Amino acid sequence: MSRFRFLARPISRDNLLTIAAGGLAACGFQPLGLWPLTLAALAWLIHRLYVVKTWRQALLTGWLFGLGHFTVGNGWIATAFTYQAEMPAWLGWIAVLLVALYLAVYPAIATLLGWWLANTRRAMLLPAFAASWIFAEWLRAWMFTGFAWNPLAMVTLGGFDRPGLALTAQWTGTYALSGLVVVLGGWWLFALRSWRQEQKWAAVAYALAPALLMVLPLHGERREGTLAYTLVQPDVRQDVLADPANYENQFQKTAALSLARKPGETRLVLWPESGVPDFLRPGYAQFWYDETTYAGDPVLARERLGRVMGKGGMLLTGTTDLAMQGRKVAGAWNVVTALDSGGAIRGSYAKAHLVPYGEYLPMREILEPIGLSRLVAGTLDFFAGPGPRTLDLGAHGKAGIQICYEIIFSGEVVDRAHRPDYLFNPSNDGWFGAWGPPQHLAQARMRAIEEGLPVLRSTTTGISAVIDADGVVRQHVPPLRAGRLDGKVPPAHAPTPFALFGNMLALAWGIALLFVALVASATRKR
């Protein structure tokens, strides 16, 4: 039992400060965007790594930092529990804490590895820790299906009109850019140390360099495209989205926002995830159509949608397809369906990266009997699609599709063998609270920069946006407001280094940092 005595000890002041630093670091994410707090918090974390004496202390330091970091950054998850009736809403904050307890493992891995690599070579610590952070974030993105929300690199994004330091993600990838943020935090620590040692000019240099990099007015050349679009945000709130009594009103509201404003106008029309409650494919038992589908007929439902587009138009919209097992429904697919103006289905994409507890209940046979359920209405679990696909829509271009949460996974959003002209990211952010939607939009901007592709986001109730290939938000509709965006799809860039090499590029930067650490250590020994 002696090995567990530490559990009964009061937590130290330094450990409390480390938890608080983790929370402050999350304030650099949207909607606050207070990146100086992130750098200051990282400076404290790196200071602690210089001070701790054992690997257990290094591991605990990273875990405590992560606990504060993910509790604050993922607080929006609690809001999701207010939109279901199966579990008490207060359980949402328990869920936030439980998620943070798990996610904190990854900063702990980074601090442990960084401390161990530099244990006897202190000059190695900063580059070794930055490299370790890169590897830990990459690991977090795929372990146990992955949860890549809010890598540190998100704090480098500038305002809607400029990507700032984040523009370098096309050469580094998101995870390597997170490593650079760690380095910048270390420089602020060096600034404080230099000031205390009366090295004023070194202190000023260390302090100003990160600040100047973070406010760089970096931006690409603004270019215009040729493919016309109408992107719709109907402002359908989460509390009525799944109510069959509201389905017709939902359609009429969305359709009215989508009508052509010029006779004979040919457009790509973009509707959000959950944009069409109708079942559009034939072959299901009639009762599935009777309560959900226009006139109880999928053919009539598709033709009605086609008339909204106008002649020559194309609709990309979120829908649901049922997975049949004989005459029984085994589950469903969350899909984007492409419909032409005649109501014919021209292609579809099934979401591949599903949200645990949102679109399926893991270990259902264990969790359901004890009262746990999905956070989204419905008892059918969704099945995963095969991964990134490009839909060739002819005159309407080649569309890469990423539904909602999928857009957060760096290096996993494009079919590299069939590079699209743009990415369409329909989403339902209505259950993400106040902080979730701006954080989601920020991650879509980072995917645009990495891949050199414009991203078009249509959401149920915000934030919908048109993002160019440099991560600049050309147009947007704010949250909780109905609106439409019209324009021309911004052109794609030639494939970026990241588009060519994916996360192997980010990991290569991590290896390069380890090489720098070794050189620094060898130089110091001389």
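Predicted model: local features only at pLDDT ≥ 70, side-chain atom pairs only at ≥ 80, totals over all residues.
Which residue stands opposite V473 in β11?

**View 1. Six strands line up in an open sheet.**
Strands β6 (390-392) and β11 (473-477) are the edge strands, and each of them pairs on one side only. From one strand to the next, the twist averages 25°. As a reminder, strands of a sheet pair through backbone hydrogen bonds, either parallel or antiparallel.

**View 2. Strand β10 pairs with β11.**
Here we zoom in on one pair from the sheet. Strand β10 (residues 464-467) and β11 run in the antiparallel sense and are joined over four bridges. Now for the opening question: I467 is the residue that stands opposite V473 in β11.

**View 3. D14 and R48 form a salt bridge.**
Side chains of opposite charge can pair when their charged atoms come close. In this view, the side chains of D14 and R48 meet with an N to O distance of 3.3 Å. D14 belongs to helix α1 (residues 13-25) and R48 to helix α2 (residues 35-51), so this pair ties together parts that are 34 residues apart in sequence. How accessible are the two partners? D14 is partly exposed, at 24% relative accessibility, while R48 is buried, with a relative accessible area of 11%.

**View 4. D235 and R237 form another salt bridge.**
The closest N and O atoms of D235 and R237 are 2.7 Å apart. D235 has a relative accessible area of 13% and is buried.

**View 5. E451 reaches R416 in a loop.**
In this salt bridge, the closest N and O atoms of E451 and R416 lie 3.2 Å apart. E451 sits in helix α16 (residues 436-451), and R416 sits in the loop between β7 (398-401) and β8 (422-424), so the pair ties together parts that are 35 residues apart in sequence. Look at the accessibility too: E451 is buried, at 0% relative accessibility, whereas R416 is partly exposed, at 34%.

**View 6. Four residues share one salt-bridge network.**
Which residues does the network join? They are R222, E224, D468 and R474, linked by salt bridges that share partners. For the model as a whole, the count comes to 14 salt bridges.

Terms used
Residues numbered from 1 in each chain as written. Heavy atoms only, no water. Helix = DSSP H or I, 4+ residues; strand = E, 2+ residues; numbered from the N terminus. Buried < 20%, exposed > 50% of the residue type's maximum accessible area, 1.4 Å probe, protein only. Pairing = 2+ DSSP bridges. Axes fitted to C-alpha atoms, helices over the stretch in contact; angles between N-to-C directions.
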